[in-house]
Amino acid sequence: MKFIQFELRLLWQNRLFKWLMLAYVLASLLAINWGQISLQREYEQRAISEVNYQAELADYQADAPLDPYAAGYLGYYQFHPVWQTPSAWSTLIHGERSEAATHTRVRLLGLQGQLSNTATGNIAAMPIGKLDLSFIWIYLMPLLIAALSLNLLAEEKASGRWSLLASQVGNSGLLLTKKMLIAAALLAIVNSLILMVAVGLTDIRFDGLWWQVATVLLAYQLCWFLITGWIISLQRTAIFNSLLFISLWIVFAFVLPGLTYLYQTQQQQPAEHVSMIFEQREFMHDSWDKDKQADFDAYLQDYPQWQATRAMLDPQFDWRWYYAMQHMSDVIVADAVAQFRQSRLRSHQLGEQFAWLSPVMRLQYTMNRVADTDMLASQSFLDQIADYQQQLRDYFFTVYFFEKPFTEADFAGIPQFNYQPIGHNNTVITIINLVFFGLFFVGLILLQSRRNRG
């Protein structure tokens, strides 16, 4: 107990330690605050969008009942908002929400063309991302750990205390281990307090997911302490220790993720996605010059649920043919859409596999999954948009194809989009991965200690 009190007193007397810890805490609190402000702004924008949407529907509803021809304009001009509802943890972990659209509007026209015209999030923030708590944990905390413990032995020798301390204990390595454990415990307490503050300032709950995040964060922290422990065991100069640590940090944080990203980009084949949009657009344009009646008859054969309708089209213009053509423009590119979807999922799986080589990548993937801000969430959002548009199509087609009036009561039945987040996460795999990393460096430490004694 006296040893712990002595070490804590030494840490408190260290000005660098106090300033670094203060900066770490302040940066964490700022990240939480900015994340909460961003989340509130997103909810406010969503509320404004919903008010405008209801006002537009009210304008149409004032003219109800609408005959099938007038209702066709409703399907053409009326956009329906869709929103990837953010989780509470997205306040702390922004993830990839800046890289993909999280809200848009859809109508009964070809879906893929609409999605391609959807703007992404904050384009200016995409190259550098946003300051969030996960960035501080993933990238800055290892640097703080290095500052706290990397040159611990060198500082003790420089102060003249090391020879005295080493002479009073039988195992100097055990003494260093205790000193590092005290620093690790102190940082763990600080991180836990930051997470508790996040519970008070945001909508995050103190539940099982909170404990999963805390456990993963602790494992990540211990992994970096073991890395610094191995570097210390080499018993080299302070400059060598710093260069070696920075080199490992760069490899884990930038080199491996960068190479992985380049490989993932090649796997996704974005050029094929662009050609798919052109193919859909070309089909729409060519359909105007084809035999519309023949195309409509073929559509009714493929979709018999709309057979109970007047088979002949109006000679001037018929909304039934138009929406059938828009639907078929999605059908003809369905295989290409499925292939592009699979390429994105394969790309994510490759990233998960490469993450076994880097604790930084592993924590990044896990945090993004916890907050539902990764590529899987983005793809799920697109899948749910497709399902939602199919619900809209089924709802409005009963009016267009069966020539029913669109009454005032029908407005209340228009399907509403409700995003459903993916329920699973990979925290268990991450803990196992970080344990493997830790055990690897424990082995290096034991090996080096044996060499030092020899």
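**Salt bridges and surface patches**

Analyst: Arg369 counts as buried, because its relative accessibility is 3%, where buried means under 20% relative accessible area, exposed over 50%, and partly exposed in between (1.4 Å probe, protein chains only). This is a predicted model, in which local features need pLDDT of at least 70 and side-chain atom pairs count only at pLDDT 80 or more, while totals for chains, interfaces and linings use all residues. Residues are numbered from 1 along each chain as its sequence is written, and side-chain values use heavy atoms, with hydrogens and water left out.

User: Where does Arg369 lie?

Analyst: Arg369 lies in helix α15; helices (H or I, at least four residues) and strands (E, at least two) are DSSP runs, numbered from the N terminus.

User: And what does the side chain of Arg369 reach at 2.9 Å?

Analyst: That side chain reaches the backbone oxygen of His424 at 2.9 Å. Arg369 also forms a salt bridge with Asp374, with the closest N and O atoms 2.7 Å apart, a salt bridge being a side-chain nitrogen of Lys or Arg within 4 Å of a carboxyl oxygen of Asp or Glu.

User: Is Asp374 buried or exposed?

Analyst: Asp374 is buried, because its relative accessible area is 4%.

User: Why would such side chains pair at all?

Analyst: Side chains of opposite charge can pair when their charged atoms come close.

User: How many salt bridges does the rule give?

Analyst: The count comes to nine salt bridges. One of them joins the side chains of Arg362 and Glu352, at 2.9 Å from N to O. This pair links distant parts of the chain, since Arg362 is in helix α15 (residues 359–370) and Glu352 is in helix α14 (residues 334–354), with the two residues ten apart. Arg362 is buried, because its relative accessible area is 1%.

User: Which residues are linked in a network of salt bridges?

Analyst: Arg310, Asp314 and Glu403 are linked in such a network, and within it Asp314 forms a salt bridge with Arg310, the closest N and O atoms being 3.3 Å apart. Asp314 counts as partly exposed because its relative accessibility is 35%, and Arg310 counts as partly exposed because its value is 33%.

User: Changing topic, where is His80 found?

Analyst: His80 is found in strand β1 (residues 80–83), and His80 counts as buried because its relative accessibility is 2%. The side chain of His80 makes a polar contact with the side chain of Tyr53 at 2.8 Å; a polar contact is a pair of N or O atoms within 3.5 Å, where within protein one must be able to donate a hydrogen and the other to accept it, and residues adjacent in sequence count only if both atoms are side-chain atoms.

User: Now the surface: which residues form the nonpolar patch?

Analyst: The nonpolar patch is formed by Ile246, Ile250, Val251, Phe254, Val255, Leu259, Tyr261 and Leu262, with about 730 Å² of accessible area together, and accessible areas come from the Shrake-Rupley method with a 1.4 Å probe, where for residues only the protein chains shown count as cover. Patches are made of residues with over 30% relative accessible area and no salt bridge, with like charges joined within 9 Å and nonpolar side chains (Val, Leu, Ile, Met, Phe, Trp, Tyr) within 5 Å. Leu262 is found in helix α10 (residues 238–268), and Leu262 counts as exposed because its relative accessibility is 53%.

User: And which residues form the negative patch?

Analyst: Glu279, Glu282, Asp286 and Asp289 form the negative surface patch. Asp289 is in the loop between α11 (270–287) and α12 (292–302), and Asp289 is exposed because its relative accessible area is 69%.

Terms used. Lys, Arg positive; Asp, Glu negative; His and termini not counted. Charge placed at Lys NZ, Arg CZ, Asp CG, Glu CD.
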